[in-house]
Amino acid sequence: MDRLIARTVRQNVPLSVHFDLTYRCNERCVHCYLDHEDHGELLTSECLEILEQLASSGALFLTLSGGEIFLRKDLEEILACARRLHFDVSLKTNALLLTHARAEKLARLGVRRVQVSVYSSDPAVHDAVTKVPGSLARTLAAIPFLLEQGINVKLACPLMKENLLAYRGVMALAEGLGVAYVLDMTITPMMDGSQGPILHRVGAEALLPVLQDAALQGCHPPAKKEEDLPALLGSATSSGMESDAYDDLPCSAGHNSCYISPYGDVYACVQLPIPAGNLRRRRFDEIWRGSSALKQVRAMRESELPVCSRCDIRKYCERCPGLAWMEGGDLLGAYERACELAEQKARLAGVARPQSAWHAQCAANETKNSSAKGRVYDSMEMTNEGTRHD
Amino acid sequence: MNSAPNGVWQKNPALAWREIDDETIIISPTESVMHELNDTGSFVWKKIDGRRTAADLAALLAENYEVTREVALADTTALLAELASRKLVVAADGEAH
């Protein structure tokens with residue numbers, strides 16, 4: 001896989017595409033970053049045409065998601081097209097609308113993997129997140145339908161204030177079902193930039209019990225290096241193509257993976273919503289090759305980040321350029337959340353008094369400003385003294 | 001598994017695959033295993049259509065890659081045997097070859 005990733009990065013082949021078919025949803029999760037109103041979703045014909053263009057461009061791994069994808073009445077038709085075009089298809093769903101018959105169809109249409117959102121094994125906690133009474137029971141009831149069809153299932157559990165203590169229950173659920181799971185600490189702003197979901201984010205210090213949890217160590221697959229974070233803490237929105245082959249690049253976004261919205265907007269990543277172009281106006285290949293936004297993303301190098309490249313605790317940081325842009329306002333900059341988490345992880349790894357380069361810079365600037373204030377005050381005093389007339 | 005020259009093969013319809021440059025990436029859905037074919041393997045893969053026999057595929061390979069028909073047939077039958085053992089191709093007529 002590393003060789004494939006290296007090759008597709010070098011040639012900018014869009015190997016992995018995350019395509020949200022709708023932002024409509026039958027849940028109203030408190031942490032969700034999407035606007036659930038339909039502002040004019042792509043038509044069936046448009047979706048099918050996009051799939052043709054993606055296949056021609058070399059896309060192989062296709063993740064279809066939402067909102068809730070089963071709200072698309074044309075989902076089967078879209079999956080049939082994906083099958084005909086030989087995509088490797090994964091779905092993300094809350095599974096509320098998944099029946100035995102639908103699971104059979106998914107298997108027949110070649111869906112290889114389904115990621116299901118579960119926030120807790122406690123119905124009260126899960127349903128409080130989704131705002132749908134009975135949602136956990138319905139979600140869990142649907143999972144065996146997928147397993148019976150031989151479809152790989154993965155539980156995705158974003159961690160937030162509402163469910164932080166419940167993650168062990170989700171792990172137990174997954175282990176009981178014999179399925180994989182990912183715990184995701186990332187709660188992002190809305191795609192339009194508004195910060196509402198951030199209210200539900202767990203502070204870095206409160207995440208310590210999770211980061212320290214021995215049950216998340218020694219996981220499968222095992223972490224490559226001792227200082228690696230537990231591999232079961234990851235990203236529920238990841239392209240799934242983590243690899244050393246990215247070398248000096250921050251991630252796959254814009255290099256060999258991208259995101260498409262239900263309105264045909266192309267972005268480097270769902271977490272990096274700088275529009276690169278719209279598929280209702282231009283072909284995918286034109287956007288992928290010619291977009292200045294994507295070229296800007298592709299130009300980023302970890303070693304050239306103005307502040308982060310000189311950070312002593314960089315190896316503990318999971319900086320995301322998208323979050324740097326959404327939260328810090330600067331694609332190349334640092335942002336508070338990343339620094340907080342890196343410092344926590346460095347502390348856990350035994351680093352004495354870890355401080356990110358950005359925090360150090362902020363502290364130095366504060367000291368400089370305080371000193372400058374003092375000097376102004378002194379000079380004012382001197383001036384006052386000088387102007388005092390006895 | 002012995003791939004007879006007159007056996008007809010088709011790609012396993014359950015597979016995901018994509019040609020990227022001169023190589024082909026194939027994903028087995030049940031095992032979630034990735035297979036890679038080099039340029040000659042990709043050439044043969046593209047030509048497998050449920051109608052061509054192993055001998056037909058070998059003839060095409062010989063035409064396009066400047067190898068003798070004997071070498072092409074040996075390479076093609078070996079490749080088909082390997083693909084079949086990995087369930088990436090299946091007999092088009094339902095018979096074992």
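**Helix packing and buried faces**

Me: What makes up the meeting of helix 1 of chain B with helix 2 of chain B?

Reply: From helix 1 of chain B come B:T40, B:F43, B:V44 and B:K47, and these meet B:L57, B:L60, B:L61, B:N64 and B:Y65 of helix 2 of chain B; residues are in contact if their C-beta atoms, placed from the backbone, lie within 7 Å. By class, this contact holds six nonpolar, two polar and one charged residues, where Asp, Glu, Lys and Arg count as charged, Ala, Val, Leu, Ile, Met, Phe, Trp, Tyr, Cys and Pro as nonpolar, and the others, Gly among them, as polar. The model is predicted, with local features needing pLDDT of at least 70 and side-chain atom pairs pLDDT 80 or more, whereas totals for chains, interfaces and linings use all residues. Residues are numbered from 1 along each chain as its sequence is written, with chains lettered from A and ligands numbered from 1 in the order in which they are written.

Me: Why are helix 1 of chain B and helix 2 of chain B called oblique to each other?

Reply: Helix 1 of chain B (residues 39-47) and helix 2 of chain B (residues 54-65) pack at about 135°, with their axes 10 Å apart. Oblique is what remains after angles under 35 degrees (roughly parallel), over 145 (roughly antiparallel) and 65 to 115 (roughly perpendicular), and the two helices are therefore oblique to each other. Helix 1 of chain B also passes helix 2 of chain B in a right-handed crossing.

Me: How do you know that helix 2 of chain B and helix 3 of chain B are oblique to each other?

Reply: The axes of helix 2 of chain B and helix 3 of chain B (residues 69-85) come within 8 Å and cross at roughly 125°, and the two helices are therefore oblique to each other. Their contact is made by residues including B:A54, B:A58 and B:A62 of helix 2 of chain B and B:R69, B:L73 and B:L80 of helix 3 of chain B. The residues of this contact divide into ten nonpolar, two polar and two charged.

Me: How do you know that the buried residues of helix 1 of chain A line one face of the helix?

Reply: In helix 1 of chain A (residues 2-10), A:L4, A:I5, A:T8 and A:V9 are buried, buried standing for 20 or more other C-beta atoms within 10 Å, exposed for 12 or fewer, and partly exposed for what lies in between. Seen down the axis, these buried residues fall within an arc of 130°, so they line one face of helix 1 of chain A. On the other side of this helix, A:D2, A:R3 and A:R10 are exposed. The buried residues of helix 1 of chain A pack against strand 2 (16-20) and strand 3 (23-28) of chain B.

Me: What puts the buried residues of helix 3 of chain A on the same side?

Reply: In helix 3 of chain A (residues 75-84), A:L75, A:I78, A:L79, A:C81 and A:A82 are buried. They cover an arc of only 155° around the axis, which puts them on the same side of helix 3 of chain A. Among the elements that cover them are helix 2 (44-57) and strand 4 (111-117) of chain A. After helix 3 of chain A comes A:H86, whose phi is positive, near 60°.

Notes:
Axes are lines fitted to C-alpha atoms, for helices over the stretch in contact, and angles run from 0 to 180 degrees between N-to-C directions. Helices (H or I, at least four residues) and strands (E, at least two) are DSSP runs, numbered from the N terminus. A crossing is left-handed if the near helix is turned anticlockwise from the far one by less than a right angle, and right-handed if clockwise. Two residues are in contact if their C-beta atoms, placed from the backbone, lie within 7 Å. The arc is that of the directions from the helix axis to the C-beta atoms.
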